[in-house]
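Reader: I have a model open and want to read its side-chain packing. Where do we start?

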Amino acid sequence: MLYVLRREFIYIWYYFELQLRQILPYWLLGILIGSIVSVFVGDKIHRLVQSLSNQKLGVLGVVPASILGIASPLCMYGTIPLAASFSKSGIRDDWLAAFMMSSILLNPQLIVYSTALGTTALTVRIVSCLLCGIAAGILVHLFCQNTSFFDFSGFAERKSRDTHPNLFIRLLKNIGRNFKATGPWFLFGVLLASLFQRYVPAHNFAQLFGSNEGFGILMSATIGVPLYACGGGTIPLLQQWLWNGMSMGSAAAFMITGPATKITNLGALKIVLGIKGFILYMGFVMAFSLLCGEIVDFLSSEAALAPGG
């Protein structure tokens, strides 16, 4: 019995160390870039969002709002008070919906993490998140023109934690907070990927999430709901899944439903959306993730069938 346990520990440690070496540089770089954006650029990005209130862009304003949401380094609990201040300054609800939706799904730090998945997966993630924000904004514009979609009452304006007068110390403190917030989840993700690599046969996984693409997309969208806890923690899992045959469409579905249904995000969103808005939000996330996954797999199939594909 002890021999078996020792053998399994050696196998798992081998996979753990292998995964860690492969993905650690992306995680460290992501933390560094995320902190630099937060300390030196974050406020400028948010001032750009606020300046949109002076622009007469109409519904087209959802496009820059979604782009700026991706560029924002804040988590959802930081984004909502900020969005409350935007709302007071005159930013329209459809623009806010686009900004908040894309901000939930992606940020500069997660973009760097996702480079570990390869160029195709990174491109799919950025484009799908951008389009998700735009789609959310358009839907709010179409169906909530005469009513307020958000209720920001009770949310005070965000207070920055990056206030130390010395810029270098301010950056170090931000990096430290990022390590503390993402480190345990990152290591847990590496451990899960190691256990997965050891105990789940690759051909079974490829059959479930690769060959049967429609069902695989549905499964990926569904498991994204309970499994997603931290962006950095899911990158090792996604990397392993893609290696084992997960279709790019299934990965796209997971990359949307995961952060969109992260439990801390849901708690904050339920407060500002109310029950009806919250149900609509969940339905939109699931529908968009499934549609996005199907489109990505269709385009992947077409590319593979094309001459030279």
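Reader: Which residues have the most contacts inside the largest nonpolar core?

Author: Ground rules come before the answer. This is a predicted model, where local features need pLDDT of at least 70, side-chain atom pairs count only at pLDDT 80 or more, and totals for chains, interfaces and linings use all residues. Residues are numbered from 1 along each chain as its sequence is written, and side-chain values use heavy atoms, with hydrogens and water left out.

Author: A nonpolar core is a set of buried Ala, Val, Leu, Ile, Met, Phe, Trp, Tyr and Cys residues joined through side-chain atoms within 4.5 Å. Buried means under 20% relative accessible area, exposed over 50%, partly exposed in between (1.4 Å probe, protein chains only). Here the largest core has 77 residues, and Met101, Phe150, Phe152 and Tyr281 have the most contacts inside it. Helix α12 (residues 263–305) gives the most to this core: twelve residues. Helices (H or I, at least four residues) are DSSP runs, numbered from the N terminus.

Reader: What is Tyr281 in contact with, leaving aside neighbours within four places in sequence?

Author: Contact means heavy atoms within 4.5 Å. On that basis Tyr281 meets Met101, Ile104, Ala260, Leu266, Leu269 and Leu273.

Reader: How do I read an aromatic pair, and how many are there?

Author: Two values describe a pair of aromatic rings: the distance of the centres and the angle of the planes. Rings of Phe, Tyr and Trp (its six-membered ring) pair if their centres lie within 6.5 Å; planes under 30 degrees apart count as stacked, over 60 as edge-to-face, the rest as tilted. The count is eleven aromatic pairs. Trp13 and Phe16 are stacked, at 5.6 Å centre to centre with 20° between the planes. Both lie in helix α1 (residues 2–51), three residues apart, about one turn of the helix. Trp13 is partly exposed at 48% relative accessible area, whereas Phe16 is buried at 13%.

Reader: Why is the pair Phe284 and Phe288 tilted?

Author: The ring planes are at 40°, with centres 5.9 Å apart, so the pair is tilted. Phe284 and Phe288 sit four residues apart in helix α12, about one turn. Phe284 is buried at 15% relative accessibility, and Phe288 is buried at 14%.

Reader: Is Glu8 buried or exposed?

Author: Buried, with a relative accessible area of 13%. Glu8 lies in helix α1. Its side chain makes a polar contact with the side chain of Tyr199 at 2.6 Å. A polar contact is a pair of N or O atoms within 3.5 Å; within protein, one must be able to donate a hydrogen and the other to accept it, and residues adjacent in sequence count only if both atoms are side-chain atoms. Not counting residues up to four places away in sequence, Glu8 touches Arg198 and Tyr199.

Methods
Helices (H or I, at least four residues) and strands (E, at least two) are DSSP runs, numbered from the N terminus.
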